[in-house]
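Reader: I would like to learn how to read the places where parts of a protein meet. Where do we begin?

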Amino acid sequence: MSGHLLTLGELGTEGISELLSLTDRFVEVGRRPIPRVPALRGRTVATLFFEESTRTRLAFETAAKRLSADVLNFSAASSSLAKGESLRDTFETVQAMGIHAAVVRHRSAGVPAQIARWADDGVSILNGGDGWHAHPTQGLQDAYTLWRHFTPMVDGEPGTEVADEPTLAGRRIGIVGDIVHSRVARSDIEAYTALGASIVLVAPPTLLPAQPREWIDCWLGPDAAKRVEISHDFDDVLGDLDVVGLLRCQRERMADGLIGSIPEYVARYGLTFQRAHRLGRAVVTHPGPMNRGIEIAGDTIEDLAAKDRLLVTRQVTYGVAVRMAVLFRLIGSGTALGADDGG
Amino acid sequence: MAEVETQPGGPPGQPMLVIVGGEVVERGRRRHADIAVIDGRIVRVDPPGRGPLAQVIERERGALATISHTGSEAAPGAAHAWVDTIYDLGPELGEGAASGEPLLSAVELVDATRCVVASGFVDLCARVAEPLALDGHMMQVTAMAAAMGGYTALVAQPDTDPPLDRLGQLAEMRHLAATAPSCHVVAAATVTAARAGTHLAPMAQLADAGVRWFTDADPQADWGLLCRALQYASPLGATVAVRPSGAALGMAAPMHEGAVSARMGVAGEPADAECAAVAAAISAARRTGGRLHLDRISAAGSVELVRTAKADGLDVSASVTAEHLLFVDADAAGFDTLLRAEPPYRTAADRTALVAGVNDRAIDAVVSAHTPLPPHDKDLPFDEAPPGFASLETCAAIVLGHPDIELDAALDALSWRPAELAGVTHLGGGPIEPGRPANLVVIDLDRPWTQLDRGRKSFARVSPHHRRPMRAQVTDTIIEGSRSVRSSYPEMPDDLAGDRESNRFHGRWSWFAQESRP
């Protein structure tokens, strides 16, 4: 694994599996009375959030603290130009404070990759979500959530090696909504296909890239690309799905002229109460925050949650463990994962 | 260079520059010849080893050998001996010959052995400096970079702040250009006042003052206004240049729309949007009969539309940047802001069509689209970073070294055709014959180099080509008979600063202002 985490494609199946297996151990840490290990003591993790975020920032911050790392928080206006300072100047200032890793979120695609080129040796860059490009830790947490939903963890002694390999083989996962503008969709596609799942992308043509088939074929390679289908009809594919992965539909897409109206979108692509009844055994994921009444009906949320088929809360819980695994893998000192001795 | 004694009390002699041993390439004509230049003009073009020029060269080489052999000044007798033969050089020198005064103060040989000698390159699209910023140094550096790239003339884009849309700013631009003698800087003016795209700039006044090229350096969204501009410019003998872009259709984006942009999560500009803009502009030219230039096309479909328009007899021309003959969209997949271009780099099929267009002359010119930027402007997110970079030094080298572009096609696109389009064949791209202004370039087609090799002599700080191995190299650029580039190295700006005060220099500019009137 390289010194950075920019996209899941760079990790490959092996790298993704390794991180998901490692996540098991941090899930176990999270269940301890004192969920804290000294693995990253003395290390500093900076969160460089050029775009507002609550969940991702909290998840990374919690993960870093549970690993005993020091955390530097940095927030900035989304446009560097507006500040009159270049992106590079901003990053180099933070880097000069002596950091070991930086979690970067930016509204523009590619910023973590650019910052990785400017980073000193020994400083790891983690992509915390860049534009429409990638959100690798979200992809990992979604893949982990689904793997552990279909293959529950066998409780063993703390710290024992887990035998089972992460897999989603044979599972059929629908990703529904605004795919073209979604970094979550791109990272989920990379993670799910790496673990052997089949995917159906469900969206109106205006919320998909212009040549979706060409995009998938060039991106994923022939083997994985064969397992990705594209559909504009949610009802047509709904009955066959093991997972419905909903994406957030932003209201400004209507202003952009990409959809006719919100009610029209809900009627065709929303997880309405009626559609929820056709789900069968399928589970539902959402990267949050959910637009109640748009991509998912309000009463559907309560209904699915009561049946334990809405995995949103579990996604958040596992999100911390996944980020602990990533930080540990990138900048870990190799210390064993024993409980914090309090020193 | 051997100095010749001038007679006490006599008039000062002229220096003579002789380009020796090169292959002179003009449109449809190639020959080996030596070229003599006196007072900024070509005075003789002789076959090698024949005629009086051969004797001058031989004697000059002998004089140099004397210096090298003895380690002292050349013997006065040796220098006087060859001056006598100069009397036969041409009729324009007859008067001095009759009075028996020395005609030459010095002879400078430019060794062009195994090199191509061509008329200087002309760039139809370069950004130089802001007319009211009074940034003379920037203009000098740009002109020097242009000379390093073999250019003897460039058309400065008017998309400055404020835009060049009136006579006062034209005078300002020419004043600035006069501080930069390394390359002729020809002003273009905007089509619409303040580049606002609403009403026409005083095109007739500007044309009277010598402006031949009008462009808003922007997509022209208003088709009716483009028609009026073409109609208005037609009797002025001026060209209206538009940049056909998806932006005219509300489809501007930092990348080409395709699999690569979809994977990067970056908005894409469809190639078809450019084609639609090209088709709209061509239909305006068809309706008005005006002279239209399509600045920087990038899609295969656009090349085909231009080819058809030319076959239909329309006065339409088109250009492409050198980088579009080199890069494809996948090259920018790593979010390298140096590869953020306008228009965006497209697919391999588009690149192939552009190269074919240069070869079959569907595309008239290769432009640099030189954009001087401070390095920190590229240290921004990919979609916020301004497109472009400093490309004057490398543009011609890319085209001349391109494996799929023939030499004639390359010189047509860099020199001859853009000079005709801009109406500046006296500043570059013109015939190489006695009496013509000496704006020439010497090119070694097989002398590998990189920008890094040039170190601080290179003016391009922001460029994706720093480490790119180039094959063709401009070794000498001669502007108005003076070398602005000598053996691939620039004559330093300090020297230029002194030069700009000279009579020769000011004379050149007043002459140019007269010549460029339609």
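Author: We begin inside one chain, keeping in mind that this is a predicted model. In chain B, 21 residues of domain 1 are in contact with 21 residues of domain 2. Contact here is a matter of C-beta atoms, placed from the backbone, that lie within 7 Å.

Reader: Which strands of chain B each supply at least two residues of the side of domain 1 that touches domain 2?

Author: Strand E2 (14-26), strand E3 (29-38) and strand E4 (41-46) of chain B do. E2(B) gives the most, with seven residues. By class, this side of domain 1 of chain B divides into 11 nonpolar, three polar and seven charged residues.

Reader: Where are the domains of chain A?

Author: The assignment gives domain 1 (12-134 + 316-331) and domain 2 (137-314) of chain A. Their C-alpha centres lie 24 Å apart. The contact between them takes 23 residues from domain 1 of chain A and 24 residues from domain 2 of chain A.

Reader: Which element has the largest share of the side of domain 1 of chain A that touches domain 2 of chain A?

Author: H1(A) does, with nine residues. On this side of domain 1 of chain A there are nine nonpolar, nine polar and five charged residues.

Reader: And between the chains, how is the size of an interface often given?

Author: Often as the accessible area lost when the parts come together. Here we have residue counts: the contact takes 19 residues from chain B and 25 residues from chain A. Helix H8 (residues 259-264) of chain B provides the largest share of the chain B side, four residues. That side of chain B has nine nonpolar, five polar and five charged residues.

Methods. Residues numbered from 1 in each chain as written. Chains lettered and ligands numbered in written order. Predicted model: local features only at pLDDT ≥ 70, side-chain atom pairs only at ≥ 80, totals over all residues. Contact = placed C-beta atoms within 7 Å. Nonpolar A, V, L, I, M, F, W, Y, C, P; charged D, E, K, R; others polar. Domains from an automatic or database assignment.
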